[in-house]
Amino acid sequence: VLYWLMCKDKSNWLHLFLFFNILFFGLNNLYLALILTSIIAAYYFIRFLKQRNYSRQDIIDLVVGLSPLVIIFLTVKSVDFVEDRVKIPWGFFHHYSTIEGLFIGKETLMERILDSFIDIRKVSGESVAYLGKIPSILTIFSLPFFFSKRVRGFFGKIFRTIWADILLAGLLVVFTFSGLLQILRFIDLSILDIFLQFRTPGRFSWLLYYSLCISSVGILDYLFKRESKLLKGLVILSLLIWAYEAADSLERRTSGIFGENPYTIEKIKSFKQRSVDRGLSPEVYHGIHLLPMTVGWSDKFEQRTYFGSYYNGFRYSLATGLPLTNALLSRISLGDAMEIIQVSGNPLIRKEKLIKLGSDKKLLLIKGKDEKITPHETVLFGISDSIPGDDRVEMASLDIFRYEQWYDKMIDSLLNDSLIQVTEPVFFENYDSSKGKERLDDNGVASFPGGKHVLLEDTFPSLMEYGSEVSLW
């Protein structure tokens with residue numbers, strides 16, 4: 001994209017390459033789609049401010065550069081059936097770009113050096129786009145050239161040409177997502193709408209990372225070609241420092257994380273054979289449900305993951321072709337998340353997810369051998385048929401038709417119990433008509449200043465007869 005922006009005469013082949021490049025990578029990563037199209041839009045916005053008009057070629061370039069984002073947006077909209085995601089996911093107002101993230105980084109050599117002298121603000125890992133010491137020094141050294149009209153020669157080419165507009169465009173994008181949009185939350189959150197789904201605006205500083213590093217390489221190349229042994233020596237020293245810092249960062253970030261791929265055909269072969277022996281197939285089972293409770297990320301519920309269950313359950317999923325009914329997916333439906341949690345809930349709660357799956361097939365339950373399930377989940381295992389597992393997992397086959405019969409019988413038994421009082425034992429106030437100032441979205445919150453206040457004033461004879469319990473949350 002940076003090369004395409006720098007080209008004055010863009011061929012049709014270059015246009016096609018850019019278009020499919022953004023489309024392919026953007027469909028794989030929506031952040032890349034927005035980041036790449038943002039730099040294009042910002043660049044032509046800056047050009048318009050300078051020239052006060054657009055040429056026909058500029059319009060063509062804009063259409064080619066921005067149309068992949070439109071196609072990606074329409075594609076995602078057309079295939080996305082989820083309507084109840086959390087509207088304000090956590091992260092957008094936390095993982096924004098910072099000066100520290102760009103010039104100091106997190107757990108870097110620069111941070112360790114500075115931290116021994118001064119108390120520096122720690123940054124979120126998602127806010128980091130650390131340039132490194134050499135690019136940071138060269139960037140700070142080059143700042144005056146942006147504001148001096150007397151610059152000529154090489155530095156004039158960098159800071160008075162298309163590349164200068166690209167650098168400013170990158171800065172504009174970063175400021176928009178980590179500055180302007182952050183301020184809008186104090187005005188009206190609804191303005192941000194879809195931008196809130198990009199919960200890590202700090203990633204937009206990748207633009208500055210790449211453009212400033214490329215600028216630094218250009219400056220070092222220019223200095224190395226000068227007729228000065230001192231400058232050549234400084235350039236070589238700078239490259240050595242840069243290389244050492246990069247190696248140090250890679251070593252710390254990648255140490256101990258590499259291993260053999262556990263999902264190869266050869267590695268899955270033993271799981272496939274065990275699955276065949278136990279009749280674990282899509283013809284018999286809807287899918288695999290992992291225990292203890294495992295649910296994808298929805299920004300509403302937080303729970304730990306259980307490696308023994310998920311790691312081996314995933315391998316059985318590959319071996320059998322059975323989907324995971326509670327896979328660790330990102331930004332799942334809020335309703336789906338609650339239905340998954342419901343499966344592990346109190347036996348008195350009807351498991352809506354099981355009902356939706358249907359009673360024509362069974363559900364395969366898998367738990368890691370070393371994982372402990374809750375008493376409620378033990379009941380679920382208890383009404384299922386045990387299946388021989390292996391040295392890693394325990395399995396059970398849950399017959400959904402039998403579950404429905406068991407549940408109805410249990411409820412009927414409880415309702416016939418003379419100890420159960422069927423009255424109106426619950427009063428619920430949700431403040432849906434209230435607009436408290438602390439609300440994030442819609443209504444449904446009450447706020448009071450310090451002191452004593454009447455939260456509720458009413459009479460409840462049925463509650464008083466049996467005693468009552470008050471819960472505020």
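Which helix holds the place of Tyr316? In this predicted model, Tyr316 lies in helix 13, which spans residues 307-320. Tyr316 counts as buried because its relative accessible area is 0%, against a cut-off of under 20%.

The surroundings of Tyr316 can be described residue by residue. Leaving aside residues up to four places away in sequence, Tyr316 touches Phe271, Arg274, Ser275, Ile288, Ile366, Asp390, Val393 and Met395. With Asp390 there is also a polar contact, made between the two side chains at 2.5 Å. Ser270 is 46 residues away from Tyr316 along the chain, and the C-alpha atoms of the two are separated by 9.8 Å.

Attention now turns to the nonpolar cores. The largest nonpolar core has 36 residues, and the members that touch the most others are Trp4, Leu5, Ile40, Tyr44 and Phe204. At least two residues of this core come from each of helix 1 (2-6), helix 2 (12-28), helix 3 (30-51), helix 4 (56-79) and helix 9 (162-184). Helix 3 is the one that gives the most, supplying 11 residues.

Not counting residues up to four places away in sequence, Ile40 is in contact with Val1, Trp4, Leu5, Leu18, Ile22, Leu62, Gly65 and Leu66.

Key: Residues numbered from 1 in each chain as written. Predicted model: local features only at pLDDT ≥ 70, side-chain atom pairs only at ≥ 80, totals over all residues. Heavy atoms only, no water. Core = buried A, V, L, I, M, F, W, Y, C linked by side-chain atoms within 4.5 Å. Buried < 20%, exposed > 50% of the residue type's maximum accessible area, 1.4 Å probe, protein only. Helix = DSSP H or I, 4+ residues; strand = E, 2+ residues; numbered from the N terminus. Contact = heavy atoms within 4.5 Å. Polar contact = N/O pair within 3.5 Å; in protein donor to acceptor, adjacent residues only side chain to side chain.
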